[in-house]
Amino acid sequence: MSEEYGQIEQEPINGGFSAEDARRGFVRTPLIISLFGLILSVFYGVGGLLSPISLIMGLRRIKIRRSDSLKWAITISAVTIAL
């Protein structure tokens, strides 16, 4: 019985997210924003607001970590801005 009470549960670091989850979010966020921008560019040009944000995020993050997802985010954002 004393063993059960002697153990302390450790809280997970980073709100329960692992380093892999944080890395995925780092790469996925610009891609998701750029896709929303592309879809919303059809409706009243709202994508024109999201695409520059995604482009800037993608360009800043690709300097830190090269990823195919970031390259796609930059490409989709540039296409949406051109539309």
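In which helix does Ser77 lie? Ser77 belongs to helix H4, which spans residues 68-82; helices here are DSSP runs of H or I with at least four residues, strands are runs of E with at least two, and both are numbered from the N terminus. The model is a predicted one, in which local features need pLDDT of at least 70 and side-chain atom pairs count only at pLDDT 80 or more, while totals for chains, interfaces and linings use all residues. Residues are numbered from 1 along each chain as its sequence is written, and side-chain values use heavy atoms, with hydrogens and water left out.

As for the overall picture, the chain holds four helices and zero strands, and its elements run α-α-α-α from the N terminus on. Of the 83 residues, 22% are buried, that is, under 20% relative accessible area, with exposed meaning over 50% and partly exposed in between (1.4 Å probe, protein chains only). The chain exposes about 6,600 Å², and 62% of this comes from carbon and sulfur atoms; the areas are from the Shrake-Rupley method with a 1.4 Å probe. Among contacts (heavy atoms within 4.5 Å) with a separation of 6 or more, 63% join residues 24 or more positions apart.

Back at Ser77, the relative accessibility is 0%, so this residue counts as buried. Its contacts, neighbours within four places in sequence aside, are Ser34, Ser51, Ser54 and Leu55. Ser51, Ser54 and Leu55 are among the H3 residues that meet H4, where Ser77 is one of the partners.

The axes of H3 (residues 47-64) and H4 come within 8 Å and cross at roughly 150°; axes are lines fitted to C-alpha atoms, for helices over the stretch in contact, and angles run from 0 to 180 degrees between N-to-C directions. By class, their contact has eight nonpolar, six polar and two charged residues, where Ala, Val, Leu, Ile, Met, Phe, Trp, Tyr, Cys and Pro count as nonpolar, Asp, Glu, Lys and Arg as charged, and the others, Gly among them, as polar.

Helix H3 also contains Leu50. With a relative accessible area of 25%, Leu50 is partly exposed. Leaving out neighbours within four places in sequence, Leu50 touches Ile33, Phe36, Gly37 and Leu40. Leu50 and Pro30 stand 20 residues apart in sequence and 9.7 Å apart in space, C-alpha to C-alpha.
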